Amino acid sequence: MEELKAQKIWVCWQYALVTDSRMKKLDTLIQRLYEDNVDGKISDERFAKMTATYEEEQKTLAVRSEKLKAVIAKESETTANVSGFLSIVQKYTDIPELTAEIVREFIKKVYISHPEEIDGKRTQKIVIVWNCIGEFHSQTLDAENEQA
């Protein structure tokens, strides 16, 4: 799984580099078009059409670049969080007794909703917020499973 995330980050990074490179090349092309227009090598009409096309491509590339950078940031953060969580797990591979210290190291918060009566069964929603990896939404437990 880590390899897939690393590969996804690498591919997005490569696409972002290509996108940024193309945007720089478009800047150069627009500048040359402007110079050609000033020198009279191309008409004003042709200059307007070509620059409009290049500027539209730049806008599209800018949006794509931002999306790719957001994916890279999110995936990098997720990878770092999972790595941090796994280091805690590896620290406690053999737990003879569950202590408050161990629980605090794994769990940041626990949210327990008010009990509800659904189809004659008492249910409660439990949300665990783990250190490093965030929320985990458990299955709804009924009163029979809680007592077992």
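User: How many of the 5 residues of strand S4 are buried?
Analyst: This is a predicted model, in which local features need pLDDT of at least 70, side-chain atom pairs count only at pLDDT 80 or more, and totals for chains, interfaces and linings use all residues. Residues are numbered from 1 along each chain as its sequence is written, and side-chain values use heavy atoms, with hydrogens and water left out. Buried means under 20% relative accessible area, exposed over 50% and partly exposed in between, with a 1.4 Å probe and protein chains only. Strand S4, residues 126-130, is mostly covered, and its buried residues number 4.

User: Which residue in S4 stands opposite Lys109?
Analyst: Strands (E, at least two residues) and helices (H or I, at least four) are DSSP runs numbered from the N terminus, and two strands pair if DSSP finds at least two bridges between them. S1, residues 107-112, runs antiparallel to S4 and is joined to it by 5 bridges. Opposite Lys109 stands Val129.

User: In what order do the elements of the protein run from the N terminus on?
Analyst: The protein has 4 helices and 6 strands. From the N terminus on, the order is α-α-α-β-β-β-β-β-β-α.

User: With which residues is Phe47 in contact, leaving aside its neighbours within four places in sequence?
Analyst: Contact means heavy atoms within 4.5 Å. Phe47 is itself one of the residues of the largest nonpolar core. Leaving aside neighbours within four places in sequence, its contacts are Ile30, Leu33, Tyr34, Asn37 and Ile42.

User: Why does Trp13 count as partly exposed?
Analyst: Trp13 is found in helix H1, residues 2-38. Together with Trp10, Val11, Tyr15 and Leu17, Trp13 makes a nonpolar surface patch of about 540 Å². Trp13 counts as partly exposed because its relative accessibility is 43%.

User: What percentage of the 148 residues in the protein is buried?
Analyst: Strand S4 contributes 4 buried residues. Over the 148 residues of the protein, the buried share is 23%.

Note on methods. Patch = residues over 30% accessible without salt bridge, like charges linked within 9 Å, V, L, I, M, F, W, Y side chains within 5 Å. Areas by Shrake-Rupley, 256 points an atom, 1.4 Å probe, with all protein chains shown as cover. Salt bridge = Lys/Arg side-chain N within 4 Å of Asp/Glu carboxyl O. Core = buried A, V, L, I, M, F, W, Y, C linked by side-chain atoms within 4.5 Å.
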